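Have a look at the model first, then read on.

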Amino acid sequence: GLGARRSGSASRRKALAVYVIMILLAVPIWWKATEVYRAYLPFDSLPETAAVTADLVLEHESADLVAFIRLGQEILSGML
């Protein structure tokens, strides 16, 4: 009768409360656990590093590759 209806309603409310609490706890934990770590990049020294690396490569490679690398450097420095 009436007691069974009340206990069913109370059970549903308890189940709903458990689901809400689980979501409220799980979403922030999931958000933090799946975020992508972004390392600090020293943008001020990146062009210098790229130039040093390219110079080392240029000393040992053919003229076609040299032209290709220089073109790539020009394109990249235009992006910065």
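## Ground rules and confidence

This is a predicted model, so local features need pLDDT of at least 70 and side-chain atom pairs count only at pLDDT 80 or more, while totals for chains, interfaces and linings use all residues. Residues are numbered from 1 along each chain as its sequence is written, and side-chain values use heavy atoms, leaving out hydrogens and water.

The protein chain has a mean pLDDT (the predictor's confidence in each residue, from 0 to 100) of 78, with 66% of its residues at 70 or more. Helices here are DSSP runs of H or I, at least four residues, numbered from the N terminus.

T34 sits in the loop between α1 and α2. Its side chain reaches back to the backbone oxygen of W30 at 2.8 Å. With 46% relative accessibility, T34 is partly exposed (buried is under 20%, exposed over 50%, partly exposed in between, with a 1.4 Å probe and protein chains only).

The structure has one salt bridge (a side-chain nitrogen of Lys or Arg within 4 Å of a carboxyl oxygen of Asp or Glu). E35 makes it with K32, with the closest N and O atoms 2.9 Å apart. K32 is exposed at 55%, whereas E35 is partly exposed at 44%.

## A nonpolar patch

I23, V27, W30 and W31 make a nonpolar surface patch of about 490 Å². Patch members have over 30% relative accessible area and no salt bridge, with nonpolar side chains joined within 5 Å and like charges within 9 Å. I23 lies in helix α1 and is exposed, at 52%.

Methods:
Helices (H or I, at least four residues) and strands (E, at least two) are DSSP runs, numbered from the N terminus. A polar contact is a pair of N or O atoms within 3.5 Å; within protein, one must be able to donate a hydrogen and the other to accept it, and residues adjacent in sequence count only if both atoms are side-chain atoms. Accessible areas come from the Shrake-Rupley method with a 1.4 Å probe; for residues, only the protein chains shown count as cover.
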